[in-house]
Amino acid sequence: MKPIIKLYRGYANEQELIVMGHVFLPTRKVEYDFQDKNFKNASSIIGMYRMKTWSNADIYLSHNQKTIHTRTLKDGYFKFCIPLGQEHYGWIDYEVSLNYNGETIAAKESYIRPKIDHLGIISDIDDTFLVSYTLNPLRKMYHLLFRNVNRRKIFEDVTAHYQALSQSGRENKEELNIFFYVSSSEWNLYRFIVKFTEIHQLPKAVLLLKDIKTSLRNFFWTGRGGHNHKFEKIKHILEFYPNLKYVLIGDDSQEDPYLYEAISKIFPLTIQAIYIRQTAKHKKTKVLKTLQNLESLSVEVCYFKKSKEAIAHSKKIGLIN
């Protein structure tokens, strides 16, 4: 049995690099099998909530011909925030390792260092681009357990909209606009979300998720509550990249419109446009009032049912061609 290092995509600005991950106790488990057959998808998903993390494990980051040491936190999470010298832009590889019984166990991932002269796009996940049925908890749980990643649905025209935003103002495909996917889902679902975005050719993004859960009791509350996490993560991104203009994309099933309103009030020169997907049959009066208030703050807003409406709006305001 060996411990597992799970790395997540990191990000950097002109001065600082942030990379993160989890370390799991030695286990015979290998990569999860996201298949429907014989309930394998359900057992794989549940298995992600049963793995035990390793607290205070020694962990090493290899970067710029240096080795930097830290230890994992109580829940097995680690995060390196280190000064950054002059580097390339775009996606850059990094490596993290640990020593176990005389053997070096290593994992590789990448981080992004964007050019800071144009757009940053921050998108929610559930019911924003991934059809999740947030308003129906039983249906949401059924799809999570019994619909493998290949059978989960994306809203029509989302990929076209996101790809256009990714390329907006960019000629070099190696220097696309930076994307963040920020969600109330836990780190347990990281690999599932990444796989889904790859299947549907969504822009490669940094994911910022909620604290990992390590018991089945917690599994049944996945993605519920704790929206302050999303507010803090979005606020952190805007403070980390203060010179970018931002597009925020969410839905009206939970708190996105009100979180985005609060963010716009704190960063009055930063938010360029906000897109909110309508998830029920009718537009919500409270959401309409919130978006009217945002318009009075000179933020472009679009409350849409279908992504083609969002695309038309983005073209109208000159965000995309």
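Author: The second largest pocket has a volume of about 450 Å³. On a 1 Å grid over the protein atoms alone, a pocket is an open set of points where a 1.4 Å probe fits, with protein on both sides within 12 Å along at least five of seven lines. The volume is the space filled by probe spheres set on the points. The model is predicted: local features need pLDDT of at least 70, side-chain atom pairs count only at pLDDT 80 or more, and totals for chains, interfaces and linings use all residues. Residues are numbered from 1 along each chain as its sequence is written, and side-chain values use heavy atoms, without hydrogens and water.

Reader: Which residues lie nearest the centre of that second largest pocket?

Author: F155, R277, Q278, T279 and K305 do, out of 19 lining residues (those with an atom within 4 Å of a point). By class, the lining has eight charged (Asp, Glu, Lys and Arg), five nonpolar (Ala, Val, Leu, Ile, Met, Phe, Trp, Tyr, Cys and Pro) and six polar residues (the others, Gly among them).

Reader: Changing topic, how many disulfides does a search of the whole structure find?

Author: The search finds zero disulfides, meaning pairs of cysteine sulfur atoms within 2.5 Å.

Reader: And is C302 buried or exposed?

Author: C302 is buried, because its relative accessible area is 9%. Buried means under 20%, exposed over 50% and partly exposed in between, with a 1.4 Å probe and protein chains only. C81 is partly exposed, because its relative accessibility is 44%.
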